[in-house]
Amino acid sequence: ARQADTEWQVVGEGLPGQETKSIIAREGVILAGTRAGVYRSDDGGESWRTASEGLTITHVRWLAYHPQQSSFALAGTEPAAIFVSRDGAESWRECPEVTEMREEYNWYLPYSPRAGCIRGFAIHGSRAYAAAEDGAVLRSDDGGSSWRLAPGSVGPPSHRPPEGCVHSDAHSVAVHPSSAELVMVPTGGGLYRSDDGGETWANLYRCYTRAVWWDPADPQHIVFGPADGVDRNGRIEESRDGGQSWQTTGSGSDAPWPQHMVERLHQVKSSLFAIISNGDLLVGEIPDLVWAPVLPQLGRINDLAPMAS
């Protein structure tokens, strides 16, 4: 689908027969992560080719570009592993320390025992973070080339983390553009924030949550998708004071959704998109965030990506 002015049009269908888990786009190149590996398009999605050389695990749950290095991409997989590409996804190298942590700490998913998955990256200069479900928050100090546990992440799955530590059921991660030290992680036990690069954590909101957006223009402004449990009474709330208090965002959605919740939040220019776990797509204009449905004719939507220059 493509947006022209304020209208959206369906212009084609790519990768028939593949379930796309994550998509990123940059400088005319689109990368799609699927159960069968990474696919690449150089013509706006008209045609695709495999781009999985070196991927020893092909179920790709998350993709990310390094914001300052156009040829540097990261792929997170299930079972949990991180792969790095420095040639625009022509080839990939596994980060063996992540696999070692997965096995040492017995990362786990109910639907994929003793496996875990990587389902989020956030990059700020030479600092990068990754969310491992259900396992840990990871940190890299060399832009994503190598990884270790964030200091406030205990390693083994822990749904009752020690004081100052982060819940292990990490679903995504965000770093604020103003500082690599400011990081936020939505988890199965709430929304966690660290102001010291993951050394210590505070739980801003106890709930089940998968998605957060941090206003790049105002670190006090946070939008996220709390729920009472997995796909139970999901809604969209925001804070204007850094997480001290929360309010329901602007009208337009029919939340709370008894059997759905927010899966992902993506900013595209002045719009914020909310992908719902049933595949619906909502959009709201920043800062008012009055929500409206987008492209209901497409059915299930798993991810979206703006074409970065």
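**View 1. Surroundings of I82 in a predicted model.** I82 touches L74, A75, R93, E94, C95, V98, I118, F121, A130, L138 and W147, leaving aside residues up to four places away in sequence. Contact means heavy atoms within 4.5 Å. I82 sits in strand 9 (residues 81–85). Strands (E, at least two residues) and helices (H or I, at least four) are DSSP runs, numbered from the N terminus. I82 counts as buried because its relative accessibility is 0%. Buried means under 20% relative accessible area, with a 1.4 Å probe and protein chains only. C117 is 35 residues away along the chain, and its C-alpha atom is 9.4 Å from that of I82. This is a predicted model: local features need pLDDT of at least 70, side-chain atom pairs count only at pLDDT 80 or more, and totals for chains, interfaces and linings use all residues. Residues are numbered from 1 along each chain as its sequence is written, and side-chain values use heavy atoms, without hydrogens and water.

**View 2. The largest nonpolar core.** This core has 21 residues; I82, V98, I118, F121, L138 and W147 touch the most other members. Strand 7, strand 8 (69–77), strand 9, helix 1 (96–105), strand 11, strand 12 (127–133) and strand 13 (136–140) each supply at least two of its residues. A second, separate core of 16 residues includes L31, I57, A75 and F83. A nonpolar core is a set of buried Ala, Val, Leu, Ile, Met, Phe, Trp, Tyr and Cys residues joined through side-chain atoms within 4.5 Å.

View 3. Five of the five residues in strand 13 are buried. A136, L138 and S140 point one way, V137 and R139 the other. Strand 12 and strand 13 form a hairpin with two residues between them. Five bridges join this antiparallel pair. A131 stands opposite V137. Strand 13 also pairs with strand 14 (residues 148–149), antiparallel, over two bridges. There, R148 is the bridge partner of R139. Two strands pair if DSSP finds at least two bridges between them.

View 4. The order is 3-4-5-6, with antiparallel pairing. Strand 3 and strand 6 (49–50) are the edge strands, each pairing on one side only. Strand 5 (residues 37–41) and strand 6 share two bridges. R40 stands opposite R49 in strand 6.

Key
Buried < 20%, exposed > 50% of the residue type's maximum accessible area, 1.4 Å probe, protein only.
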